[in-house]
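The structure is shown first.

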Amino acid sequence: MTVTLPPAALPPAAWRRDAAAPFAARLRRLLAGGGAGQAALRLAPAAPRRRRALRLLLEEAAREGRGEVLEAPGGALLLLGEAGAAARARALLDEVGLDAAGALWRLPEEAPALLAWAEAAPPPDLAAAPLAGLDAALQRLPLPRLLRRRAVLRLGPGRPPRVALRRLVLSRAALAAALGSPGEDPDLLDHAADTLARRLAAAPSLPAGPGTLLPLPRGGTVPPAPAEGTLGALPLEALAAPDMPARLAAAGWTPAIEGLDAVALRLLSPAALPEGAPLLLLRWSPALADRGPVQALRALDPGRLVLLGCGGAEAIAWGLARGIGLFAGPAVEALLPPGEAEGAA
């Protein structure tokens, strides 16, 4: 089973949820319209990247089982739909190695227990998210403290390593530390990263052009590219929004897809990846050699792939054997003279 990419961006962040329709009340209305043979599958809160992968899987199961995916205020994901869809989702979670720990309620018999859980979840505290103050603080944060400069090298048999791309990465760890307690909230951290990505695109001293790769905000307005053809990295679920490719092109960006790894390759059909993105940023792990990822990679042009996270010779050898020519990571930058990676990126 492969999961096709849904035409929807990430769900709205917690502080934007409609306070007039709390989670439990919405769930009660949905249960009132359900019939026999239904089920609710709850997955525990997860880190942002894993949560996005889990949501992609549950969205596919919801379409097959005429259901819906909800997100509880604390970040838990809930699949409502036919009992068979919930069972298939659990089986696929186990198959691809994602943690399927959670609860399963059979409906309508166990609806009271489900509602009791939903009503015990704390409502989103909109007043506790001081967005105005947070946004003002984000404008004062010094970008150099939060940026990591990375070199993407072109490697191949019989040729010397050369820098092919300059990549600027916002360090989420450094950003979370700078924000303090707001940085502990994944949604607020996403919002902060998007705000700083817009600042970065407008930075006057920024190196820009077709050889520069910058992070892009995953939602909201698309900032103008600092130079025509500058590469902008977006996770694949953000690029799935129907109008996103056109918006990026109008703003002068050339998109690159980030967030691909062994788990994503098990879940996604390669045909679902947007063709307009010339680069696919693939995160190295030994699990890429498993059967599912290998089959998915056969359908992708290796000339579009950038292998990230190369920490040793194994990763580089694996990529070269599959025709990949672009690499990034500590083992790759070690091939450059001291200081050249930081300066080149």
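## Salt bridges

A salt bridge is counted when a side-chain nitrogen of Lys or Arg lies within 4 Å of a carboxyl oxygen of Asp or Glu. In this predicted model, the side chains of Asp290 and Arg266 meet that criterion, with an N to O distance of 2.8 Å. Asp290 is partly exposed, at 35% relative accessibility.

The structure holds seven salt bridges. Another of them joins Arg247 and Asp243, at 3.9 Å from N to O. Arg247 is partly exposed at 28% relative accessibility, and Asp243 is also partly exposed, with a relative accessible area of 40%.

## A buried pair and its network

The closest N and O atoms of Asp190 and Arg218 are 3.5 Å apart. Both residues are buried, that is, under 20% relative accessible area.

Asp190 and Arg218 also belong to a network with Arg172 and Asp194, joined by salt bridges that share partners.

## Packing of helix 1 and helix 4

Helix 1 (residues 23-32) packs with helix 4 (residues 111-120) at an angle of about 160°, and their axes are 8 Å apart. Helix 1 is therefore roughly antiparallel to helix 4, as angles over 145 degrees are classed that way. The crossing of helix 1 past helix 4 is right-handed.

On the helix 1 side, the contact is made by Phe23, Ala24, Leu27, Arg28 and Leu31. Helix 4 contributes Ala111, Leu114, Leu115, Trp117, Ala118 and Glu119. Of the residues in this contact, nine are nonpolar, two are charged and none is polar.

## Gln139 in helix 5

Gln139 is located in helix 5 (residues 131-140). Is Gln139 buried, exposed or partly exposed? With a relative accessible area of 47%, Gln139 is partly exposed.

Leaving aside residues up to four places away in sequence, Gln139 touches Thr195 and Arg199. Gln139 and Thr195 are 56 residues apart along the chain, and their C-alpha atoms are separated by 8.4 Å.

Terms used:
Residues numbered from 1 in each chain as written. Predicted model: local features only at pLDDT ≥ 70, side-chain atom pairs only at ≥ 80, totals over all residues. Heavy atoms only, no water. Axes fitted to C-alpha atoms, helices over the stretch in contact; angles between N-to-C directions. Helix = DSSP H or I, 4+ residues; strand = E, 2+ residues; numbered from the N terminus. Parallel < 35°, antiparallel > 145°, perpendicular 65-115°, else oblique. Left-handed = near helix turned anticlockwise from the far one by under 90°. Contact = heavy atoms within 4.5 Å. Nonpolar A, V, L, I, M, F, W, Y, C, P; charged D, E, K, R; others polar. Buried < 20%, exposed > 50% of the residue type's maximum accessible area, 1.4 Å probe, protein only.
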